[in-house]
Amino acid sequence: MPSLTEVVLPGPVEPEGLRLRTSPVPEPGPGQVLVAVEASGVSFAEQQMRRGKYYDQPPFPFVPGYDLVGTVAAAGAGVDPGLCGRRFAVLTKVGGWASHVVADAGDLVAVPDGVGAAEAETVVVNGITAWQMLHRVAGARAGMTVLVHGANGGVGSTLVQLARRAGIAVIGTASPRHHEAVRALGATPVDYRDPDLAARVRELAPGGVDAVFDHVGGAGIVESFRLLARGGTLVSYGTAATRDVPGSSRAPVLKLLARLALWNLLPNGRKAHFYNLWAGRRRRAAHQARTREDLGQVFALLASGEFTAQVAARIPLAEAARAMRLAESGTVTGKVVLVTGEAS
């Protein structure tokens, strides 16, 4: 019988402070399944969590891992045994950096045949986030021009591809080393460190952009709002600028929410939203159905070849520290993926 291996985050530590823990593999309860994990992602959320800076992370110690892809190994009471042996994706928020995970059967999203675990993993949280921000929040339509901050990142590169497929022109910020990769995705790259960044964006979109997707927050969010055309939408979905700033994990988010609320009171026709993937989770069945629908759309594009998975690296689960270092290095395009067993 295999054992359960988990990566534990014991407290605010450097990546090398992550610990491996083994224990017996748990059994699924009623309505649950046991998933043999094949791939789990290293997202910006985990980078914040290891610093104690993610808004609603659990108390230390805990197992990080925002999402996963794996095969159902066992089904609990009341669950269709036909799920066993099939590959699914699961949003977990925490707990995904493990060899086995017990999940609610309702949280499973089927991975199409022919799509690898690591490739599917790159578009779980990233794909849902990008799809919902683009289509459900910003109201994507052909002919729009949008600005995507961090266009080489996991969510950013996904946003660029989905937007281009929808007939939308994309301006993408990134460091110069990533400009060729951003251009290959179909966006016009601009240097995010350019002191004349706003002027450069205005050259490309003289009337303003129809939407800005901003994961940075901080002082730069003001310029993001100013770059909008009348009727445009700012979609904020993070506070990366404060990742390394000591202090409260909640204060930057609350300050950002207050600022967005104030902007929505201004009579300028622009809108400001904070995107939260977990909004509406209390209506669990509806949230699960929306997740399956939206991620299913992205998976279909991936399976058909209309979307390319941006796998920055595949690194064994036991080397989570190395994976975290690489993800935080700013040197990669796409998503760093932790893999187990044959998937590595």
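## A residue in a loop

Val 123 sits in the loop that joins α2 (117-121) to α3 (125-137). Helices (H or I, at least four residues) and strands (E, at least two) are DSSP runs, numbered from the N terminus. Val 123 counts as buried because its relative accessibility is 0%. Buried means under 20% relative accessible area, exposed over 50%, and partly exposed in between (1.4 Å probe, protein chains only).

Which residues does Val 123 touch, leaving aside its neighbours within four places in sequence? Its contacts are Ile 128, Leu 295, Val 298, Phe 299, Leu 302 and Phe 307. Contact means heavy atoms within 4.5 Å. Gly 106 is 17 residues from Val 123 along the chain, and their C-alpha atoms are 19 Å apart.

## About the model

This is a predicted model, in which local features need pLDDT of at least 70, side-chain atom pairs count only at pLDDT 80 or more, and totals for chains, interfaces and linings use all residues. Residues are numbered from 1 along each chain as its sequence is written, and side-chain values use heavy atoms, with hydrogens and water left out.

## The second largest cavity

On a 1 Å grid over the protein atoms alone, a cavity is a set of points where a 1.4 Å probe fits but cannot get out; a pocket is an open set with protein on both sides within 12 Å along at least five of seven lines; lining residues have an atom within 4 Å of a point. Grid points are joined across faces, edges and corners, and a volume is the space filled by probe spheres set on the points.

This cavity holds about 40 Å³. Helix α4 (residues 154-165) gives the most, with 3 residues. By class, the lining has 3 nonpolar, 8 polar and 1 charged residues. Ala, Val, Leu, Ile, Met, Phe, Trp, Tyr, Cys and Pro count as nonpolar, Asp, Glu, Lys and Arg as charged, and the others, Gly among them, as polar.

## The largest cavity

The whole structure has 2 cavities of 30 Å³ or more. The largest has a volume of about 90 Å³. It is lined by 15 residues, and those closest to its centre are Leu 91, Asp 107, Val 109, Arg 281 and Thr 291.

Helix α9 supplies the largest share of this lining, 5 residues. The lining of the largest cavity has 8 nonpolar, 4 polar and 3 charged residues.
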